[in-house]
Each structure stands twice: as structure tokens, then as C-alpha cells.
Amino acid sequence: MLETPVFDVLVVGSGGGPDETNLSAYLLKLHNAQWEDGIVGLEAGSGQGALARLLRKDPCTITKPGSPGNAYNASEIYSFVRCFLLTHAHLDHINSLVVSAGSLCGARKRVYALKQTLEDLEIVFSDRIWPNLASWKEDDDAVKLLYSMLIPDGKYKTISPAISVRTMPLNHGTNALGQYNSAAFFVRHDTSHREFLFFGDVEPDSLALKPLTVNIWRVAAPKIPEILSTIFIECSWPSGRRDELLFGHLTPEHLVDELSALATEIVKYRQTTTQDEGKKRPFRKRQKRGSLSPDDMKDALAGVTIYVMHCKDDMNSGSERHIREVIVEQVRLIVEERGLGARILAAEQGACITI
Ligand SMILES: [Zn+2]
Ligand SMILES: [Zn+2]
């Protein structure tokens, strides 16, 4: 099933630290538009510095229309950003937004996020940690970022021409203040109604005080794979790390448990719709809720591509192989063992992913 792409996603950074040159940052545009027509900055861990480095390696990454040999520089590309979309305010997701606020060129930029995330940003932009370069006032200086709240109300909000997002809260562990949340975004191309799903940092539902990821899977299930076939999700740690040391993140085993939860929702949804359609395809056997067999789940995620991101760098490892490759292979093996049928890829820094 080859569909016309609707989105381009340039991976400026995809790590989860400590390498500060490769932190979560993705530039999103409509596939059939130019970069200068407007970009959504999806997370802002790395930014112009990482992009400048990528452009030095491959100067033709983003060329000016009509002049193939003439490439934009990193500052010019970031001037085309209309808004930033943030899952949470941990530094590995906002670092470049903070450091570059005040020197970003182009039109005033909105920062879309959940209320708590914007309030966390206010602590940073408070004239102490960093100058106050963001405000809630629509008529404030163009140099100031504009806080723009996303509400997890089940509705899609337009954040850029032809791009809307539905925001859902996620668990990202507990700390001294209690439950800490990040967010997941269903990003929709309004013309085709195609979507992709982008996760902030994720605590496994099996360890959370109150599971939240399953709500996202329930919303995603009916859309897969025709409307939604691309999911960006974290896997910070390699296999074998103890649950007490996850700090609100996933390992390959937990990630595939989450993907199995999605597969379960898909199978349940398809069974219900098959029933509704006059029992065209009878069940193999009558089953209670939640008692699906591995056979039922087989290939439930066929047609879905999972981009694994936010792998935490192992700076002490002398290994030639990057930890990301190790983690992605571990995820791929478990997905194959369970026969889920999803394609597992790494979100590689510098890649331009079409969706
Ligand atoms: Zn993170
Ligand atoms: Zn985080």
C-alpha cells in the first residue's frame, strides 16, 4: 500500500541525553510545501547548532527553491518555524528553544504545550535562569515566544495551516512533587486526514499509578493502518534494566508490551466492527475481553512503522555500535517473536522521514 506522502520530518536530534548535540528535535512540514512556507518545531532539545552540523555534512539537505546548489543555513531554516510543539519541559526537549530564544529570526513563534509544561517554561523564562523571552500576550513583542495552551479535550487544534493536533497526557514517572506528565500528539494533515502519532517520554503503563498510555492506544486502534501508520515512540534503555531504574522511560520489553496493548485494542476493535457488519467473519472461538491469544494478535500491527527514539547514550561504552542500534535490534526481535508485524526503525539524526 503506497500512499502519497503528506508530511516530511527532518530529524535534527533524536537522543535522550547525555549527548547534548543529539537531543529530541524534529522539524515538520507538509510534504507538498516548501520549508519556507512554514515549519513546526516538534520538540526543541537540539536546534540550530545540531542542524548546522548536519548541513555541513550534507549542504543540500534543504535547498532554496529554484536554485538546487544554494542551500539555506540553519538560522534561515529556524526562521521558517511558525510554532514549537512540546511534549514536556524536561531540558532534553527544550534546551535549544531556551538558548535560541531572543535570537530566532522570522515571525513570532507560538509554543504549544499542555498547561503544566508552559508553566514549567515560565520558571525558566523568569529573568533568572534565562531572560523573560516568552509571554501569554498576543500583542507582545515579536521577539517573545507566545505561550499557547493545548487542552486534552479530545479535539484537534490547528497549529499551522493544514496541520492539527490532538493532545493526550502521558505518565512520565513520579517525583517528589507527585505524578509527572508528558504528552502524546496525534498530528493530522487536515486535507487528507492522515495522521502520525508522536510520544513524549513514556512510563510503562504496567508500572504507572494510573495507566494512561492505553487511552492513547484506544484512540489509535480504529485509525490503523489506513489513517495512522507511523508512530514515534521512545525506548530510552536497553534490555535488562531494572524497573526501579527506568525513571519514567521504556525498555524494549516494556515498549513491546505497550505495542501489544495497541495490538489488543486493534484486534478488539476489528472484532467489534466485524460483528457490527453482520458477522461476515465469525470469531475463531468465543473469547472473553482481554483473553486474546498470540494467534489473534498475529500481524495486528501490519502496515505500521515504529520509529524508536530517545535512546540514552552510553558515553562510557567503547563499543563501535551505537546504543540506539542495540536497542532497535532488541525491540525488533521481540516484535518478531510476538508476531506483531510492525516495522521497527530508528529515528536517526539527520534523516528526513516522509509520512
Ligand atoms: Zn526526554
Ligand atoms: Zn523527560
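**Domains and a zinc site**

Analyst: In this predicted model, the count of salt bridges between domain 1 and domain 2 is zero.

User: Which atoms give 67% of the area buried between domain 1 and domain 2?

Analyst: The domain assignment places residues 7-150 in domain 1 and residues 151-355 in domain 2. The contact involves 41 residues from domain 1 and 44 residues from domain 2. About 3400 Å² is buried between the two domains, and the atoms that give 67% of this area are carbon and sulfur.

User: Which residues of domain 1 lose the most area to domain 2?

Analyst: Three residues together account for 20% of what the domain 1 side buries. They are Phe7, Leu114 and Leu150.

User: Is the site of the zinc ion (ligand 2) tetrahedral or irregular?

Analyst: The zinc ion (ligand 2) is coordinated by His88, His90, His172 and Asp201 at 2.1 to 2.3 Å. Four donors count as tetrahedral if all angles lie between 85 and 135 degrees. Here the angles among the four donor atoms are 91 to 169°, and the site is irregular.

User: How many residues apart in sequence are the parts that His90 and His172 tie together?

Analyst: His90 lies in the loop between strand S6 and helix H3, whereas His172 belongs to strand S11. The pair therefore ties together parts whose separation in sequence is 82 residues.

User: Is His172 buried or exposed?

Analyst: Buried means under 20% relative accessible area. His90, at 30%, counts as partly exposed. His172 has a relative accessibility of 5%, so this residue counts as buried.

User: Which residue coordinates both zinc ions?

Analyst: The zinc ion (ligand 2) and the zinc ion (ligand 1) are 3.3 Å apart. The residue that coordinates both is Asp201.

Key. Residues numbered from 1 in each chain as written. Chains lettered and ligands numbered in written order. Predicted model: local features only at pLDDT ≥ 70, side-chain atom pairs only at ≥ 80, totals over all residues. Heavy atoms only, no water. Donors = N, O, S within 2.8 Å, 3.2 Å for Na, K, Ca; no water. Tetrahedral: all angles 85-135°; square planar, octahedral: opposite > 155°, others 65-115°. Helix = DSSP H or I, 4+ residues; strand = E, 2+ residues; numbered from the N terminus. Buried < 20%, exposed > 50% of the residue type's maximum accessible area, 1.4 Å probe, protein only. Domains from an automatic or database assignment. Contact = heavy atoms within 4.5 Å. Buried area = accessible area lost by both parts, 1.4 Å probe. Salt bridge = Lys/Arg side-chain N within 4 Å of Asp/Glu carboxyl O.
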